[in-house]
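Here is a quick tour of one model, written for someone who likes to know the cut-offs behind each term. Have a look at the sequence and the structure before reading on.

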Amino acid sequence: MASLRRFIDIGANLNDPMFNGVYHGSIKHKSDLKNVLARAWESGLKKIIITAGSLRDIEESLKLAEQDDRLFTTVGCHPTRCGEFEENGDPEAYMQSLHDFVEKGGKKIVAIGECGLDYDRINFCPVDVQKRYFEKQLKLSEQFKLPLFLHCRNAGEDLLEILERHKNLPGGVVHSFDGSWELAEKFINMGYYIGINGCSLKTEENLEVAKKIPSEKLMLETDCPWCEVRPSHAGFKFIKTNFESCKKEKWQEAKMVKSRNEPANIIQVLEILSAIRNEDADELTSTTLQNTENLFFN
């Protein structure tokens, strides 16, 4: 599928086992990341930022990014994985490893993250541990002048309070945003961008928030293989572009896997935003692309 529009997916979990055909530990088909990326480039993707959330993630993401000039990655520890800092009894060693990856990766590293706070899943990591190591990672952003790729789930006020105490941060994006307009406005007033994907467009309330975000503060993402736009979502009715798909058990090289999101689906996020905001899709594409270039690639 040809496209004149150009996109940057700011959040793609390309090292997820699903892209190697593994679902919940069970192999359903051969690795098809090559096909996934081919569809992405054909659909207008200009660049893709791979999301990393642990040392293992970063190693895999960097290896993948080095294989293609259009692929980049983040360096950071996801809030639900911050217990990893203390697993070996040496949090400073973990921090040093993150630091070393930034230095090793050079221009392939475009952000510090995915980091932040997640109070919906404190069963994976307690709040105090999340806060402690989120704040430590902010030092990497300050040191390397790299923007933040932020995760925020039911923790907006605490996240804002921590960010406000660090005056020398180079900005960033709150990705996969699904909070209130009041919260979005506070992040925007601090200079942060808002990343929108399928999970940001589930409910009518989500759509009302997405309508209000200034276009100069918007970014597009898929968060694939997660956050597809499902038929039950409020935004689904605005989708114009659909790709052929099949069940994972009946995998076909030329088709997407049903219920597994891909970077090519970023067009659907654009279509929903364009419709609910009553904005020209080409202009919105151009604006969000420029926002992304300005933050991550200047």
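Asn 197, Gly 198, Glu 221, Thr 222, Cys 227, Glu 228, Val 229, Asn 261, Asn 265, Gln 268 and Val 269 line the largest cavity. A quick word on ground rules: this is a predicted model, where local features need pLDDT of at least 70, side-chain atom pairs count only at pLDDT 80 or more, and totals for chains, interfaces and linings use all residues. Residues are numbered from 1 along each chain as its sequence is written, and side-chain values use heavy atoms, with hydrogens and water left out.

Searching the whole structure turns up 1 cavity of 30 Å³ or more, and the largest cavity holds about 50 Å³ of space. Its lining splits into 3 nonpolar, 6 polar and 2 charged residues. Here Ala, Val, Leu, Ile, Met, Phe, Trp, Tyr, Cys and Pro count as nonpolar, Asp, Glu, Lys and Arg as charged, and the others, Gly among them, as polar.

How is a cavity told from a pocket? On a 1 Å grid over the protein atoms alone, a cavity is a set of points where a 1.4 Å probe fits but cannot get out, while a pocket is an open set with protein on both sides within 12 Å along at least five of seven lines; lining residues have an atom within 4 Å of a point. Grid points are joined across faces, edges and corners, and a volume is the space filled by probe spheres set on the points.

Strand 2 (22-23), helix 2, strand 6 and strand 7 (148-153) are the elements that give two or more residues to the lining of the largest pocket. Helix 2 supplies the largest share, 3 residues. Helices (H or I, at least four residues) and strands (E, at least two) are DSSP runs, numbered from the N terminus.

## Helix 2

Which residues of helix 2 (residues 55-65) are buried? They are Asp 57, Ile 58, Ser 61, Leu 62, Leu 64 and Ala 65. Viewed down the helix axis, these buried residues fall within an arc of 160 degrees, so they line one face of helix 2; the arc is that of the directions from the helix axis to the C-beta atoms. Arg 56 and Lys 63, on the other side of helix 2, are exposed. For these labels, buried means under 20% relative accessible area, exposed over 50%, and partly exposed in between (1.4 Å probe, protein chains only).

The buried residues of helix 2 pack against helix 1 (33-42), strand 4 (45-50), strand 5 (71-75), helix 4 (91-105) and strand 6 (109-118), with contact meaning heavy atoms within 4.5 Å.

## Cysteines

Calling a disulfide any pair of cysteine sulfur atoms within 2.5 Å, the count comes to 1 disulfide. The bond joins Cys 199 to Cys 227, with S to S at 2.2 Å, and the link is left-handed, at -100 degrees about the S-S bond. The pair ties together distant parts of the chain, 28 residues apart: Cys 199 sits in the loop between strand 9 (193-196) and helix 8 (204-212), and Cys 227 in the loop between strand 10 (218-220) and strand 11 (245-246). Cys 199 counts as buried because its relative accessibility is 16%, and Cys 227 is also buried, at 13%.

Cys 115 is in no disulfide, and the nearest cysteine sulfur, that of Cys 82, is 8.3 Å away. Cys 115 is buried, with a relative accessible area of 0%. Cys 224 is in no disulfide either; the nearest cysteine sulfur belongs to Cys 227, 9.7 Å away. Cys 224 counts as buried, at 0% relative accessibility.

Most residues other than glycine have a negative phi, and most peptide bonds are trans. A cis peptide bond joins Gly 113 and Glu 114, with omega about 5 degrees, and Glu 114 is placed in strand 6. Another cis bond joins Cys 224 and Pro 225, again with omega about 5 degrees; Pro 225 lies in the loop between strand 10 and strand 11.

His 24 has a positive phi, near 50 degrees, and is exposed at 85% relative accessibility. Ser 259, with a positive phi of about 70 degrees, is partly exposed, at 49% relative accessible area.
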